[in-house]
Amino acid sequence: MNTYTFQVLCSLVRVKGKLKEDGLVSIVEQVAMFLHILAHHAKNRVIKFKFQRSGETVSKYFNLVLKCVLRLQEILMKLPDPVSENCTDDRWKWFKGCLGALDGTYITVNVPEVDKPRYRSRKGEIATNVFGVCSRGMKFVYVLPGWEGSALDARVLHDAINRRNGLKVPTGKNVGTMYHLSEWRHGHVPATPQEVFNKRHAQARNVIERTFGLLKMRWAIL
């Protein structure tokens, strides 16, 4: 990020995000700590050393800036473009108007002993079921964390759609769901129009699985 972009972001979080200076840490320093953590996956103790602040201070201002950035979603977030009529991408040209793909993923968590049965996934892990939607460009456009690992994907999707500020798919658009590429390994060739559709659908929908994979590689805590 260059100096100009950094200054614009500082201005946005101050004016639009309502980030305040309290006389202890300037807005510039707050944003710098926040970006350093995101860009370098830096631990709290690393930021403590670099900025000469306590761990409590680092945590406090990271969360303050995060909340301000979330308030800027309408300014910072670019809405996904639907698949156009003249699309030539072999994975997506069959799905005109599609915005992206959705799926759920498990992220292991530590919970009290009494809650472990609710968080035990079908794979036997103690995890939370995180629902996500991404664009064709592998950018997340919606995330719903917090569900127990035992919750069925259909239940999580229903919750996402029915929340007041939940997932909204514009009329005439769609997101790809269901089917996995593993069903088409080992030389299996589609034999019916329905199987051809399912295979193409799985190839396009695989973008959400790759996006989750990159997210977990980038953030070791996940």
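Start by selecting Lys-18, which sits in the loop between α1 and α2 (helices are DSSP runs of H or I with at least four residues, strands are E runs of at least two, and both are numbered from the N terminus). Before going further, note that this is a predicted model, where local features need pLDDT of at least 70, side-chain atom pairs count only at pLDDT 80 or more, and totals for chains, interfaces and linings use all residues. Residues are numbered from 1 along each chain as its sequence is written, and side-chain values use heavy atoms, leaving out hydrogens and water.

Back to Lys-18: its phi is positive, about 65°, although the residue is not a glycine. Is Lys-18 buried or exposed? At 52% relative accessibility, Lys-18 counts as exposed (exposed is over 50% relative accessible area, buried is under 20%, partly exposed is in between, using a 1.4 Å probe and protein chains only).

Now jump to Gln-52, in the loop between α3 (44-51) and α4. Gln-52 also has a positive phi without being a glycine, near 55°, and it is exposed, with a relative accessible area of 63%.

Next, pick Leu-19 and show its neighbours. Leaving aside residues up to four places away in sequence, Leu-19 touches Val-13, Arg-14, Ile-27, Gln-30, Val-31, Leu-64, Val-65 and Cys-68 (contact means heavy atoms within 4.5 Å).

Time for the rings. There are three aromatic pairs (Phe, Tyr or Trp rings, the six-membered one for Trp, with centres within 6.5 Å; planes under 30 degrees apart are stacked, over 60 edge-to-face, the rest tilted). One of them is Phe-34 with Phe-62, tilted, at 5.1 Å centre to centre and 35° between the planes. Phe-34 is in helix α2 and Phe-62 in helix α4, so this pair ties together parts 28 residues apart in sequence. Both Phe-34 and Phe-62 are buried.

Then select Phe-131 and Tyr-142, an edge-to-face pair at 6.1 Å and 70°. Phe-131 belongs to strand β2 (residues 127-135) and Tyr-142 to strand β3 (residues 140-148).
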